[in-house]
Amino acid sequence: MKQNNIDKIPIIEVSNLTAKYGDKTILNNISLDIYSGEVTVILGASGGGKTTFMKNIIRLIEPFSGSVKIFGNEIVNMEEQDFNEILKRVGMLFQNGALLNSISIFENISIPLEQHTNLPFSIREKIIKKKLELVGLSHAINLLPSELSGGMKKRAALARAIALDPEILFFDEPSAGLDPITSSNLDELILNLKKQLNISLVIVTHELASIYRIADRIVFFDKGELVYQGDLTGVINCEHPIVKKFFEVGKF
């Protein structure tokens, strides 16, 4: 069931969502809201449906059935042209960063600006420099991705994800492969960007330390079922076996 959050504004509304790969059901009849101005963390064991859930929201995978509304607009079966207008208000940071290795950081960040705007080069250049400044990478503007550390690549990918000033930002395992200090610095950056840019964030992660640092709301999937949604205090005290195990031992 959805929770009542009278003072919160849902920016994403999911109702009775079912997702399948062929005949295999990955998500079963999921209903939940994601709220404006919050960091929503998606948890669950591998294969539990968390990444599939995120991909269904942005239609990297088409939902089998159910409803997904973003900014109040039903996006299931929406015309591609109309959905592209919705996507301009959404950013995505993939697990590996998905930077193009053959071009500079400047050129990587320029891609969404070139694809979705008619801005002249001088304006695009100012935007790119500002985004790199926000993530602490001004010095890397002309470097190739291969010249960056793992943490720097994540920040460069983040600069690209916020190039169009999205209202919602999706992250898939942002701390994967990072050492604890770099991971902590990335979490701090995420929270700073949330405050400065007023972005709503949806984050898939397994990192317990990050969850404690950044989460406003937790969504927990187990074997395709929604077993918890609520705040951090509630999930820590949740008696569902898989949820309890995760917060006791910090892993699945």
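**Close-up views of a predicted model**

**View 1. An open sheet of 6 strands with mixed pairing.** In this predicted model, the strands follow the order S6-S7-S8-S3-S9-S10. Strand S6 (90-93) and strand S10 (225-230) stand at the edges, and each has a single partner strand, so one side of each is left without a neighbour in the sheet. On average, neighbouring strands are turned by 15 degrees against each other, direction ignored. Strands of a sheet pair through backbone hydrogen bonds, either parallel or antiparallel.

**View 2. The parallel pair S7 and S8, with helix H1 on the sheet.** Strand S7 (residues 168-172) and strand S8 (residues 200-204) run parallel and are joined by 5 bridges. Phe171 has Ile203 in S8 as its bridge partner. Helix H1 packs on the sheet, where it touches strand S3 (39-44), S6, S7, S8 and strand S9 (217-222). The direction of H1 makes about 150 degrees with that of S7.

**View 3. Helix H1 (residues 50-57), a mostly covered helix.** Of the 8 residues in H1, 6 are buried: Lys50, Thr52, Phe53, Met54, Asn56 and Ile57. Just after H1, Arg59 takes a positive phi of about 60 degrees.

**View 4. The crossing of helix H3 (residues 105-116) and helix H5 (residues 150-161).** The two axes come within 8 Å and cross at roughly 30 degrees. Angles under 35 degrees count as roughly parallel, and H3 is therefore roughly parallel to H5. The crossing is right-handed. In the contact, Ile105, Asn108, Ile109 and Pro112 of H3 meet Ala156, Ala159 and Arg160 of H5. These residues divide into 5 nonpolar, 1 polar and 1 charged.

Technical notes. Residues numbered from 1 in each chain as written. Predicted model: local features only at pLDDT ≥ 70, side-chain atom pairs only at ≥ 80, totals over all residues. Heavy atoms only, no water. Buried < 20%, exposed > 50% of the residue type's maximum accessible area, 1.4 Å probe, protein only. Helix = DSSP H or I, 4+ residues; strand = E, 2+ residues; numbered from the N terminus. Pairing = 2+ DSSP bridges. Axes fitted to C-alpha atoms, helices over the stretch in contact; angles between N-to-C directions. Contact = heavy atoms within 4.5 Å. Parallel < 35°, antiparallel > 145°, perpendicular 65-115°, else oblique. Left-handed = near helix turned anticlockwise from the far one by under 90°. Nonpolar A, V, L, I, M, F, W, Y, C, P; charged D, E, K, R; others polar.
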